[in-house]
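Welcome! Please take a moment to look over the sequence and the fold before reading on.

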Amino acid sequence: MKKVGLGIIGCGWAARDLYEPAFRFLKNGRIVAVMDIDESKARFLKELYNVPRCYTNLDEMLRDKEVDAVVVLTPPHHHLEPVVKSAEAGKHVYCEKPMAPTIEEADRMIEACRKSDVKFMIAFMKRFNRSFRFVKDLIDKGQLGSVFELRARWDNARVKRMPESQYRLKLISGGGFLQEDGSHALDICRWWLGEVEEINAYIAIVAPDRHETEDVACVTMKHKGGAISTLHITMITHRTGEESYELFGTKGTLVMRWLYHSSRSLEPALIHLYRNSREVQDLTLSSSWNPLQELRSNWQYLRELEHFCYCILHDVEPYCTGEDGRAVVEMVNAAYLSAWKNERIRLPLKKVPDLREFFTELRSRSPWSLGEIEWSSWY
């Protein structure tokens, strides 16, 4: 079987831990090079995956003829350069979410890939999670009737002081918890209910003594088809982390949730369908007793990488395009703007103002403080 030669850009936590099973079990692709400006990280990953070459310079790696495509795993505010340069070098691009801090950067990435006629895929791995795909199929087949509302919840306590090397929840990242983790749920809302035309949001920084960007958000969206969706997301919870989605349709109400979060779990979601306020149907998918079999068959990061390589080998448009990634960036930008200006924001969004001023102002007027207390979800 022909395999796509992959070059990893960014050898941090995601490349080491999140994607390790995917890289080990990938059949239609192989890692031929790794790159990080931190040589120790690049060398560690080279040895971990037994990769032929490692680089500390992006241009040098892009001159490697065995690299057919790149996997961009740098922080979101460092996606622009590797995506654009890789596209200009004729490499297909797989980029982690969130795609970019602003729609302006997203547009530059899309245009670079279009000009060079390379595949561009954004890594919304939940679209490759079998539980999410199962529910999408139920919606598409009309099993819930006409879906008119979706309530999403994403709670994950991370109330520890960030190390200096951490980019999350800092102004340099261009956004906080809504941008980083909330982009998953926002993509699900759009994927399941269609394009968004209006956004209203309330955003706060509950821990201004340690967070420069938001740690709590509530976003309401109106979709073009008439449905509404909401996302409640917080880091400031003393409960176990939870991810859940409630779909309200004219023929049934579906509740989908994990005991913890789908991002790190091999287990399927708990899915229950309610009808007529009395009937309850358990639609939870079955799971293998063999964790390695689950990794090979159902690990969402593996499935999306397989899809990316398939698209390159068979000249197929990826399921998650640059336009899909941009749509979520636009939703996040609009939510920030809505909270800042205290008004509903209509899409498409024409321009994003400098949000550093918004976050600075939001932080300065926060009435809360956590002091020295620290904790995190144990899952």
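The report below walks through a few parts of this predicted model.

## The six-stranded sheet

Let us begin with an open sheet of six strands, which pair in parallel. Reading across, the order is E3-E2-E1-E4-E5-E6. At the edges sit strand E3 (53–55) and strand E6 (120–123), each of which pairs on one side only. From one strand to the next, the twist averages 25 degrees.

One place to look is Val 93, whose bridge partner in E6 is Phe 120. Helix H5 (residues 80–88) packs on this sheet, where it touches strand E1 (4–9), strand E4 (69–72), E5 and E6. The direction of H5 makes about 170 degrees with that of E5.

## Strand E9 and its partners

Next comes strand E9 (residues 196–204), which includes Glu 197. This strand is mostly covered, with seven of its nine residues buried. E9 pairs with strand E10 (residues 216–223) through eight bridges, and these two run antiparallel. Within that pairing, Ile 199 has Met 221 of E10 as its bridge partner. E9 also pairs with strand E16 (residues 345–346), again in the antiparallel sense, over two bridges. Here the bridge partner of Glu 198 is Arg 346 in E16.

Is Glu 197 buried or exposed? Its relative accessible area is 15%, so Glu 197 counts as buried, the cut-off being under 20%. Setting aside neighbours within four places in sequence, Glu 197 is in contact with Lys 222, His 223 and Lys 224, and also with Ile 345, Arg 346 and Leu 347.

## One face of helix H10

Now turn to helix H10 (residues 291–298), whose buried residues are Glu 294, Leu 295 and Asn 298. Why do they line one face of the helix? Viewed down the axis of H10, the buried residues fall within an arc of 110 degrees, so they line one face. These buried residues pack against three helices: H2 (20–25), H7 (130–140) and H11 (300–314).

The start of H10 is worth a look too. There, a side-chain oxygen of Asn 290 comes to within 2.9 Å of the backbone nitrogen of Leu 292.

## Cysteines without disulfides

How many disulfides does the structure hold? The number is zero. Cys 113, for instance, is in no disulfide, and the nearest cysteine sulfur, that of Cys 95, is 8.9 Å away. Cys 113 is buried, with a relative accessible area of 3%.

Cys 311 is in no disulfide either: its nearest cysteine sulfur belongs to Cys 309 and is 9.2 Å away. Cys 311 is buried as well, and its relative accessible area is 0%. As background, a disulfide is a covalent bond between the sulfur atoms of two cysteines.

## A residue in helix H1

The last stop is Asp 17, found in helix H1 (residues 13–18). With 43% relative accessibility, Asp 17 counts as partly exposed. Asp 17 and Gln 281 are 264 residues apart along the chain, and their C-alpha atoms are separated by 36 Å.

Notes: Residues numbered from 1 in each chain as written. Predicted model: local features only at pLDDT ≥ 70, side-chain atom pairs only at ≥ 80, totals over all residues. Heavy atoms only, no water. Buried < 20%, exposed > 50% of the residue type's maximum accessible area, 1.4 Å probe, protein only. Helix = DSSP H or I, 4+ residues; strand = E, 2+ residues; numbered from the N terminus. Arc of directions from axis to C-beta. Contact = heavy atoms within 4.5 Å. Polar contact = N/O pair within 3.5 Å; in protein donor to acceptor, adjacent residues only side chain to side chain. Disulfide = S-S within 2.5 Å. Pairing = 2+ DSSP bridges. Axes fitted to C-alpha atoms, helices over the stretch in contact; angles between N-to-C directions.
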